[in-house]
Structure formats: structure tokens, C-alpha cells
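Hi everyone, thanks for coming along this morning. I'd like to walk you through one model, so let me put it up on the screen.

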Amino acid sequence: MSSIQNSLSLPRPQSPARLLLGRLLRNATTVSAITVLMVFALIAIAAPVLAPYDPYQVFPDQALLPPGYAHWMGTDLLGRDILSRVIYGARISLLIGFVSVSISGVVGVVLGLLAGYYGGLIDNLVMRLIDTLMAFPGILLALTIVALLGPGLGNVMIAVGVGGIASYARLVRGSVLSIREEVYVEAARSTGARDLRIIFRHILPNALPPVLVLASMSYGWALLSAAGLSFLGLGAIPPAAEWGAMLSDGRELMWDAPWTAVFPGIAILCIVLAANLLGDALRDILDPRLSV
Amino acid sequence: MMNKIIRSFALGVIAVLVLTACDDTGEAPPIAENSGKLILSSTKPGSRLDPHLDIQWEVLYVLSAVYDTLIYQDDDNNFVPGLAASWQVSNGGTVYSFQLREDVTYHDGEPFNAEAVRFNFERIKSLSSRSLKAASLVSTVDTVVVTAPYTIEITLKHPDSFFLFNLSLPYIAMVSPAAVKQWGDAYHLHQAGTGPFMFDEYSPGDRYRLVRNPDYRWAPAFYQHQGPAYLEEIEWRFLPEPSSRAPALEAGDVNVAFDLVPTNLKRILKSPRHRVSYVHITGQPAYWFLNTQLAPTNELVVRKAMLYAADMAAGARAITRGISPPAHGPLSRVTPEYAPELDDLYPHNPDLARQLLVEAGWIDSDGDGIRDRNGVPLRVELSMVSWGQSIPFSILLQSQLREVGIDVGLETMDHAVQIEAGQQGRKNISFTGSSGYSAADSLKPFFHSDNTESGFAFAKFNDPELDRLLDQGEITLDDAERITLYQTAQQRIMDQALILPIYDFVLLIGVDSRVEGLEWRSVGLVPTFYEMRFDVGDR
Amino acid sequence: MGRFILQRILAAVLVILGVITITFVLMYMLPGDPAASMLARSGASGEQIAQLRAEMGLDRPLYSQYFYYIADMLSGDLGTSLASDRPVAVMLLEVLPKTLILVFVALLIAVPVGTLMGVTAAVQQNTWVDRLLVGISALGVSIPSFFLALIMILLFSVTLRWLPASGQGGLEHLILPTLVLAFGAFGTVVRTARTSMIDVLKQDYIRTARAKGKSEQAILYGHALPNALVPVVTMIGLQFGWLVSGSFIVETVFSRQGLGSMMINAILDKDLPLVQGAVLCTAILYVTLNLLVDLTYGLIDPRIRYD
């Protein structure tokens, strides 16, 4: 019995993580993307040390100063230092992305697994639920959730998280549908293994790679959605130093004081771009069809 | 192969862009001699603009071209004849008799007469609570009687010192009875008035078009000319996005842009082809209500301390870029009934604020920077809204109050929620502003005890003395007496620290420098379309 | 085949019903009183607010309001907007074409350009062309749309004075908004096209065709391209939904009328009938489009039919 099981598992000469890392690092663009993300993470962690001013301290007499010696990125409408706010904003943005994607991912994957594996009524139910979720215009969904729960970062993360569930569910369901027919699953079933064990031991690990790709791509989407919500005034509670909110404030200041919007905008762009490029690279590597 | 395609595509795009660029001479679009068409931009498009139903500022500045009112105000705030050629007030100020002009016709050809006036008052009354502004302006009217074809007698329930003022606002426009009868609820799409311009077309949310009324001969006497207006056509566009207005003006999309943001002005101010008008609005400035029924703002000393700790002059300089003056009371500085002695009532004095708090027992016993008393921290809850620069000012206030040891919790609410919170008294500090134009409609709805339970008096202060002052002011016809009453009322409001004033509203209007004859009448919001024209002479 | 279609249509109807019900319940639960909001700037008294509430029918119990709504809807009456007193159906019909034009033109730009770029990148995989195109497409999905919009206005309207900064009307008013919208969309198109093309180029039948001596051109246009386009076509459906959401921000920044900006304002005004109508509209749009895509896909790929 055990020898059959052993022969069913694929030979693994090297840990998959190391393999992955090796292939990732071969590409210059990917290396830059990873570097950028790590730099932002470092900035977020070391914010209190790096920021030259308190991001919340207002100096009304120094409002809208252009970038200069005292303030490298200038000041905003209330005289707050933009560089410091951008630095502290990294914390919030990284957190939003991480939590939202986690929520979408966990819930979406579970739903997708259930729907794909059990099929039939459960599948129908779950997919109709997903369809209903997707039929809501993304903004409306997020708006109503935030309107019900109140503004604030926590609720934004929930709103964005819920908005992302559908993609994960669909993706995983699709994967499960094809993995389900694979030989080793058949074999596991015929040996009498329980459903849950099959799902978690055999199906989930094989369904995960596309999920990882989606995760890094949707990280960017999560950040942009949160920025969009802040744009509508439903995101971070003022005076929080969140990039989306800063962009929103900067809307009316763009002409006379473009630096108030340009710097947070570039910051968002950098992280989102880096996350997307990383996602691209992951997909190129993990998708066997694309191997050169 | 693909490379070739890409290259030719790119060349094509560049070619198109270059050709489009060559078209532009870098100057503003030319305007024909004796023009012409004036294009203006307003803010958020209303789906409907009916003078008797709606309240937005657009009623004042868009519809004022389409309708005449019975009375106008001249530059010295005197009441002068409009559609009413003369009038008498009798019976202690409760009976108004108007003799109307006899040479006026509506845009649809119907004659204007006393019957039409009666119809208009009937219409406003029948709209009751659907009328968001007009009905409240003439709420003191008891009966309207036609005594002769061109004479009308209006009896009020009690004297109303603002009756004539209210009649001069475009909300009390004289609409055509025939048109209303014909179109009913769709009247706003087929408006007919007596004004210098005729309503041509409204594509909802997109643009309003007005064309010159060739038969117009009854302009108020204070204008420079009589007969039809100079402009041939007026077109209103809508730019709900504040940051898009200055670019639209600069790009020549519009000739006049309303409500520019103070932070978009640099290019317009530098541009020789444009100028900026600053219009100070009368009535209610921006301020915060301080809830007298919720701790800790139920303590007068805490409220006063807040007023001393706040420095809204610094705020106005930073946030409105020095354009709006700081407010000092519940009425804006340009309102005739404004009380100048309020200017120095609460100078910025953080030390005094701290002293007052200490005397009341609020001390920082645990060193966290926030005062407390008997274990209760000194914390207030403030509700912010998305308009009127509420958020930056609230953040500033939070910072300034923190410096004297008061903790401020901020919450953004949308309009309806904030109102509900104010009515239920859930917040200590609530933002408000710009809802009233005269002293009457800026004070009574917001401070009278009739409105503290379920109305808009969010300070929730029940004071018989204040009530008396406000009630008296409304019915006192003598100007000097009325002003004194209202000034005393404002003094009382500020003595009790019922509000924390922020800034007076100043509307910024960007104008193409070729536009002549533009001035601002009533309230500051009614443009003089009748006199406007383009100057195409030397530039 | 017939059963398949029927199933799908039934599912679509159920989804729409579900969306309506959920919206109804959510809006009802939202805090805030529409009557007070409308009278807010008029200084009305407490009584007048209560009177307006009654006149608006906001006093009736939830289930009553719900059933009346469904009944009316089935006969084509979507109610009257609370804020502007006009029939919701009329307002939606006015505004829908404007959004659709924006979305369609954006698709019209994004899909051909994106496909072209994606296919080129695939053919030139791993060369500098590939990297450049992939980079641009990554930029497309990474840049916040309102940021891009503001920059385009600053450049093309204010500085160069080539195009108007706002409003609707002529062709020139359409250019900037659709470019901004398209830029966001075409990133995904490029990736899909590229991936799909790479995938196809690896297939056996391509190798066979090459072995047979067919020219590269013939292979490309005859075999590879048609097959590579299939996923792109299905993706258009998804993109449409994304674009409709994205159009709101573009509509806002460029001060254009549209379904998105109308919906947001309706939510902020607590204009329940209008929100309901707008959500219904978007849901129908989305569901119909998905249905069409599913059906087309079902036609193309027989395996999909017997789910």
C-alpha cells in the first residue's frame, strides 16, 4: 500500500521554493520588481526613523510650499510635510493590500474548492452567489459595504476583500474541475481517502500556483480600489496619511500645487507596477505551458 | 512584419496629433461682432431647475435671466420697481398692495397681470413641502387677492420685515400660468417667464440654452439701457468636478466659470485674457454648531475655551488661500445685520483657553496630553462633511484643540447622515453653512427653540430671550430697530458660544476679460445678464 | 443546446432578481434620511421634514415598499427619483447611451491596439520589443485612472490646448476620456493576447505547418492568429464590466454625464429609486453580456456545453 502511495508522489530533488526563487531571479525586470517591493516594505517598517516630520502635524503658515530644502516633497494644504506622509502612507498601503488580498483569497479559494469538488447543487449555489456578487458594479459593492460599516481602513479592507472573492472562486473552481479528473486524484479516491484529505492534500497544492499569480496581480488592484474609495472620501479617515486620500486631496490642488498629488500618485504607481510585474513573472514561471 | 505595423501606426498617430496642433493658433476662439453667445459653467447639474421647487444657487444665477421678480434691489439695497411699478404697505405692515406694469408679456405670448401673480403664489403654496425654498420665503402670506386687472393685494399673517427682500429673489419668479397649466410636472423643461432671455432647451445634466427675448422692454430703471438684452444666446454647461473649472475657462471652453477653487487660481490670475471676480455671499457663513446638550460641550466654559483655542484666521489663510475672511458670528460680514462688535469677542488666545479649563477642573492628571476630570477625559466628537472645506478645517481644529488638551474624534459623514446626527444630538461639533441669505432665514431656523428638537438648530439651546429677539426681528419693519434686534441676537449667540465660526463664503468666478457689464446683484449671486456683452475691440 | 440556453437565461434572471433584492435591503439599511437631506439647505422645520417623508412614501414598511417596487418594475415603471422628481426609467435612458459610447469607443481602441501589441510581443518573445510592450501594458493596469486623467488634462488641455478639458458634445470631447479608460483596459488585453498567442505558437499544429514548409506569414495569419483571438474575445465580456465601473471615475474627472456618475450621486443623495434603477441597469447589462459571451463560447467550444 505504502509503496503505491510513494510511487504516486512526484520526485522532488530540490525544494519547490528554491526552484521558484532561482527562476525568478534570472529575470532583470523581476529582480527590480522584488527590490522595489522590499524597499517599500523597509520604508514602511522604518517609517518613524525615516520621516523627517510628524506626518500629522499641521503648520497652517507653511501651506502649499513647493519642494525645497526644508521639505523635499513640499507641503500640503495644511502645511504637513508630504515626504513624511508618503513614508507613513507606505504602512497603510502595504497593509491594505495584504489584508484585502488575504480576505479575497481565503474566502474565494474555499468557495472555489467546494464548488469545483462537489459539483452539482453546491456548485450551482456557489456560482450563482458569485455571479450575483460580480453583477454588482464594483464601486457600488464597495460603497454599500463601507456606507453600512462606516468609513475607515478596516472596512475598506473588508469591502475590497469582498469585491475580490469572485475572481479567486472562479479561478480555483476552474482548476479544481480539471485537477479532479487527474489520475492521482482518482487513485486517492479509490484507496478510500476522505474528501477533505483529498482536497487539502492533493487538489489544493496543485490549484495554488495560479492563485499565487492572481494574488500578486490583484494586490495592485486592491491598492487601486482602496485609493479609489479614498478618492470618494470613503477610505481612510482623515487625517490618516493614506496615498489614495492624498491623491484625492490633491485633485483640487493639481494646478497650483501639483506636488501634492504627483508624489503619492507615483508611490502608488510604483508599488502596483512592481506587484504586477512580479505577478507576470510568477505566471510565466508557474504556468507549464509557457516554459520555453 | 509586426514591427512595420507598429511603426506605421505610431507615425499615423503622430501625424494626427500634429495636424490637430497646427489648427490651433494659440489664441482664444474668435467672437463675432455684436455677439453673440455667452457660455458659462455652473457646478453640479440639477436634474430639474424650477424656481418654485428648487433651492440650488443655480436658481439664482441661471433662472434670473428667464424671470423677472415683482421687486428688485439696487446697489444700495433699496427696493425698486420690477414687474410691480409701485406699491403701498398698510395696516401695520400686514397689507401690501402692488400696482403692476401693464406692458409686460410672457415668452409664450400670454399677458402678465394680477391674475398671473395670484396664480404664482397659489402654485408656490400648493407645492408646500416639495418647495425647498420658495414656500418658506413667502410662508407669512395669508391671502392674495386680485382687486383690479393690474392690482394685487397681499395680506400677511403678521408683519414680515423680509417680505420685500424675499420677493426680490428669483425663487419668487413670476412664471407663466398658461405654461404651468399646459405642462404640469414637466414645466421645468418648458419654462416661460418674462425675463430678458427665453428658455430654449434643457438637455438634462448637460446644458441649458437661453435665447434673447426680442420683446423685452421692462428692465428695472437702474440698468444703463432699456429694450432687449445685448447677448443673443446664453448657454450654461455643468462642471461638477471642481478642478475641471479653471482648465475649462483657460482652454476657452467657457467664458465664465462659477465656483473656482482657490487652489486653481494661479494660471487664471496670471492670464491677461481672464480676470477673477470675488463675490461675498450674505447670510450664513461656515461654522460649527456646539451641542449644548451633550457633554462636555454642555459646559459654557468648555465651549468658550474652544473658541479661544481656535485660530480660524490662520485656517482661512491656508485653506482658502487668503480669499475668504474668517467669520466671527452666525452671519457673514457683508450681511446688513452683521454685528461688528463680534470681531474681537474671541481673539486667538490658547493660554486663556487653558486657564478657563483648569479653573473648571479639567487638568491633565495622567500626562497623556489630554485633560481629564474625575477620570473622564475631555473628548469631543466632530462630524465632517465632504463640502465647504469641512475636512481640512476640522483637521486644523483637531490640532489646535489638542494643543490645549482637548481630544477631538473626527468622523466623515455624508450629508443626510450628518443631518440626522445633528438632529439627534449625537455629535458635539457639527459643520454647517451657506443655507440662508437674509438674517431671517440664516438665524431663526438654526437658533430658535422651535427647531432644536427635530429641526436644524443643532446647538440645541432653548433660550426664550433669543427666541424673542428672532421673532421680533422678523416683524420689525423699521430698519434701525431691526438691525439692533438682530445684532443683540448675534451677541447672545456668541456670548453663549453656541457656534464656532469659521469663514465667510466668497464665491470665485473666473471671467473672460472680453466680457463686459457683468455685475452681481441680490445675495451676490445674481449676474446682470441684461447688461452683459462682449467687447471685441482692441485686445 | 436548447437546454443549455434556457438554463443560462434562467440563471441570469435569478441573478438580476438577487441583485435587486440585495440592493433594496442594503439601501434600506443605510443610515440617513432622504427627506432631511433634501431639505437640509432650506432651513425647514422638523414638521416639514416629517411631512415630506410621508409624501415620499418612506413611511411604509419594508416589504410593502419592496413588493410595490417589483410589481411596478415589471410593468416598466421604475419609480420616480426622489431628488429630481423625474421618472427613473427616463433618466436612465438618457444617461445610458453616454456611458455606452464611452465604453464602446474605449474598447474599440483598447482591443485592436492591445491585441496587436500582445501578438507582436508574443512573436518577439523575450526581445526588447516584448519587454517594452509588456512594460507598457503593466503600466496601463498600474496607473490610477484619475491620476492619468489629470495628467492628460494638464498636458493636452491646459498646456497644449489641443483638446477640451471637460464636458460632452463633439468628437473632441470623447478623445481624452476614452484614452484614459482605454489605457487601463488595454493592459489586460495585451497580456491575454500575448499569453494566448504564445500558447498557440507552441501547439503541435503550428509545428506541423512549419514542417510542411508554409511561410511564417501564412502560419501567423492563417493558423495562429484566429486561434489566439478566442480568449481575447471572451475577455472582452469581462473587460466590459470593468470598464463600466471604471467609467465612473473618468466621467467624474471630465465632468461627463453617465450611468456611473448618476449612480454615485444617487447613493450620496440617498435617492433610493434612482439607485435601484441604476443598479438594475448595470446588472442587466453585465448579466446579458456574460450570457452572450457564455453562449458564444459554448458555440465555439463544444466541450463547454455539457458543464
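In chain B, B:Y96 stands opposite B:I154 in β7(B). Those two sit on strands that pair, meaning that DSSP finds at least two bridges between them. Here strand β5 (residues 95-100) of chain B and β7(B) run antiparallel, joined by 5 bridges.

A word on the ground rules before I go on. This is a predicted model: local features need pLDDT of at least 70, side-chain atom pairs count only at pLDDT 80 or more, and totals for chains, interfaces and linings use all residues. Residues are numbered from 1 along each chain as its sequence is written, while chains are lettered from A and ligands numbered from 1 in the order in which they are written.

Back to the sheet. In general, strands of a sheet pair through backbone hydrogen bonds, either parallel or antiparallel. Ours is an open sheet of 4 strands in chain B, ordered β4-β5-β7-β6, with antiparallel pairing. Which strands are at the edges? Those are β4 (84-90) and β6 of chain B, each pairing on one side only. From one strand to the next, the twist averages 20 degrees; angles run from 0 to 180 degrees between N-to-C directions, and axes are lines fitted to C-alpha atoms, for helices over the stretch in contact. Packed on this sheet is helix α3 (residues 114-127) of chain B, which touches β5, β6 and β7 of chain B and whose direction makes about 165 degrees with that of β6(B).

How many of the 8 residues in β6 (residues 141-148) of chain B are buried? The count is 0, so to speak hardly covered. Buried here means 20 or more other C-beta atoms within 10 Å of a residue's own; 12 or fewer is exposed, in between is partly exposed, and C-beta atoms are placed from the backbone.

Now over to chain A, which has 12 helices and 0 strands. Of its 292 residues, 51% count as buried. Helix α6 (residues 120-135) of chain A packs against helix α8 (residues 153-179) of chain A at about 140 degrees, with the axes 9 Å apart. That makes α6(A) and α8(A) oblique to each other, the class left once under 35 degrees is roughly parallel, over 145 roughly antiparallel and 65 to 115 roughly perpendicular. From α6(A), A:I130, A:L133 and A:M134 meet A:I165, A:A166, A:A169 and A:R170 of α8(A); contact means C-beta atoms, placed from the backbone, within 7 Å.

Chain C has 13 helices and 0 strands, and 48% of its 307 residues count as buried.

Last stop, the contact between chains A and B. Chain B gives 22 residues and chain A gives 19. On the chain B side, the elements giving two or more residues are α8 (266-270), α10 (312-319), α12 (390-403) and β17 (407-412) of chain B.

Methods: Two residues are in contact if their C-beta atoms, placed from the backbone, lie within 7 Å.
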